[in-house]
Amino acid sequence: MKVPVRNLTCAVLALTSWMMFAGTANAQKPAAAPAPGEPRVTPDDLRAPVSPVFALLGTTPASIERPQTPRALTMNLISAVRDGEGLPRNYALEISPYWTTYHPDLSFDDYYNADVLQTIAQTFAVSVATTPLRAGAVAGTRVGTGFRTLLRAGGAHPQLAAAHEELIGVDTRIAEASDAIPALRQRAFDARRAGRIAEADQLDQEVAAAEAKALQQTADLRRQAAETAKRVADLDRNRVGFQLAVAGALVWDFPGDRFEERELSQSGIWITPAYRFLACRGEGTAGCASTVDVMAAVRYLADRRGAADDRTWDVGGRLLWQLSSELALSLEALRRGGTSISGDEASTRTVAMVEYRLNDDIMLYGSFGKGFGDQSDRRTLVSLIGVNLGFGRKPIVDVSKP
Amino acid sequence: MAVELKDEYRVADGEVRLAVSIGEGQTGLVSVFLGGVKISRSPAPIDLRVGEGSEIRDKLLEVRTIVNDVNSQTNKMSVTYQLTGGTSAMEQVSRGEVGVDNQPLDFVAVFALL
């Protein structure tokens with residue numbers, strides 16, 4: 001990874017400041033380590049995971065197969081089974097069935113104004129993964145499958161219409177470079193119908209040359225079109241209004257790779273309704289990068305591995321204020337109940353978080369608040385800071401530990 | 001490299017119409033030329049009058065569409081052409097896919113009006 005020196009310096013300075021802050025907080029009360037199986041407190045905790053089966057397996061696959069056609073899916077599965085000489089041990093696959101085939105009737109407007117059934121079709125994704133099972137002396141395989149979909153996808157971002165208009169403007173300039181070609185092709189057509197074959201062949205060659213020249217002349221405009229199209233696609237990922245995400249996953253353990261001894265070891269379901277709106281006042285929507293997300297979350301996780309029979313319910317909410325494209329503040333409250341809590345008593349976690357993106361590769365974040373009361377040593381202070389160097393959402397440098 | 005389609009369309013005495021739409025939730029610009037002369041240029045979808053059969057016979061109807069990959073879910077693209085008013089209705093679909101996200105792709109369809 002290449003990191004500019006200036007940004008790296010900023011990162012180190014910011015990290016040092018956070019360490020001093022954390023040191024002060026930790027001097028009063030030691031930070032609580034995350035409970036086994038509980039993810040660290042990051043701003044993504046409440047969201048339905050993009051790949052629920054990976055969340056349940058607690059794994060981040062090095063590579064995920066994403067076949068784009070039914071034929072590619074079939075070939076991929078055959079290849080995985082053949083390479084693994086049976087059930088593959090480290091395999092991950094994600095697929096959105098709807099997008100494996102063509103949909104000529106789905107217009108740009110239809111895509112944005114989909115009803116509930118069409119929204120489910122467009123956003124439904126399935127994931128499958130396997131990992132090695134190491135339960136005592138018995139080796140085997142863990143197999144998980146999960147899904148994620150939106151029931152409501154939100155509305156078009158207010159900046160979409162302007163970006164789309166700009167894109168059509170660039171397309172118009174690209175199209176103008178080819179305006180002379182149809183007349184040339186008509187002349188070739190006329191010559192061929194009149195029996196002037198040599199002339200028609202010559203004109204056909206001129207058409208081909210004109211096409212190549214127009215493509216070459218518009219190279220810069222096509223790059224500009226691609227950048228503008230990317231902005232439109234980014235706005236598609238940042239829709240506003242009401243969204244409702246649902247995700248679920250199941251994991252089976254196969255000790256000794258014997259089918260007869262399979263056991264449903266883990267299951268989970270996530271339901272996340274959210275509402276997003278732009279938070280810029282008096283300046284219109286153009287260039288506004290400030291948003292507010294109000295989110296609720298319901299999560300159920302069951303773990304029956306070995307002798308365990310833990311069932312955990314989480315219900316809560318989160319308020320996220322994205323002040324700019326770099327800085328975000330959020331407040332999260334989560335009520336937890338279930339058989340994994342000491343004495344079956346419910347507990348609450350309330351955490352404030354700040355996240356600052358230095359550039360595309362480096363992100364700093366910190367959180368402070370009260371954790372769940374299910375720690376064996378009763379330490380419930382959450383005081384965590386981290387720096388994400390662009391390899392994933394989880395910090396690789398954790399300075400919360402002594 | 002453009003996705004090309006060539007076909008013939010038999011006109012009659014009535015009015016011929018052309019409809020062009022872009023699928024896969026993508027967007028783009030459609031330019032229509034009759035006999036080498038531009039008769040329309042606007043964002044998809046379009047539905048326009050090409051002309052009376054006797055006026056447009058023996059001409060080429062060329063449809064040039066620039067499709068932009070704006071759908072974050074897929075890089076697939078398709079353009080549907082519908083011709084009506086001739087001896088029979090015709091529908092043709094051209095399909096393509098970009099290898100790199102957000103790249104534009106040209107679709108060119110040429111119909112010989114006979």
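Visitor: What share of the 402 residues of chain A counts as buried?

Guide: The share is 29%. Please keep in mind that this is a predicted model.

Visitor: Why is A:A247 called buried?

Guide: A residue is buried if 20 or more other C-beta atoms lie within 10 Å of its own. A:A247 has 25 other C-beta atoms within 10 Å, so the label buried applies.

Visitor: Where does A:A247 lie, and which residues does it touch?

Guide: A:A247 is part of strand β4 of chain A, residues 240-255. Not counting residues up to four places away in sequence, A:A247 touches A:A48, A:P49, A:P52, A:G146, A:F147, A:R148 and A:W270. One of these, A:G146, is 101 residues from A:A247 in sequence, yet their C-alpha atoms are 7.4 Å apart.

Visitor: What makes β7(B) and β8(B) a pair?

Guide: Pairing needs at least two bridges between the strands. Strand β7 (residues 76-84) and strand β8 (residues 90-97) of chain B have eight bridges, in the antiparallel sense, and therefore count as a pair. Within this pairing, B:Y81 stands opposite B:Q92 in β8(B). The two strands form a hairpin with five residues between them, and B:G85 in the turn has a positive phi of about 100°.

Visitor: How many residues are in the largest nonpolar core, and which have the most contacts inside it?

Guide: That core has 45 residues, and B:V20, B:L61, B:V63 and B:V67 have the most contacts inside it. Strand β9 of chain B, residues 104-113, supplies the largest share, six residues. As for B:V20, its contacts beyond four places in sequence include B:V63, B:V79 and B:Y81.

Visitor: What makes A:A55 and A:L57 members of a nonpolar core?

Guide: They belong to a second, separate core of 13 residues, which also includes A:A92 and A:A129. Membership means being buried and joined to the set through C-beta atoms within 7 Å, so both conditions hold for A:A55 and A:L57.

Visitor: How many residues of chain A are in contact with chain B, and which helix supplies the largest share?

Guide: 34 residues of chain A are in contact with 38 residues of chain B. On the side of chain A that touches chain B, α9(A) gives the largest share, nine residues. That side divides into 18 nonpolar, eight polar and eight charged residues.

How values were computed. Residues numbered from 1 in each chain as written. Chains lettered and ligands numbered in written order. Predicted model: local features only at pLDDT ≥ 70, side-chain atom pairs only at ≥ 80, totals over all residues. Buried ≥ 20, exposed ≤ 12 C-beta atoms within 10 Å, placed from the backbone. Contact = placed C-beta atoms within 7 Å. Helix = DSSP H or I, 4+ residues; strand = E, 2+ residues; numbered from the N terminus. Nonpolar A, V, L, I, M, F, W, Y, C, P; charged D, E, K, R; others polar.
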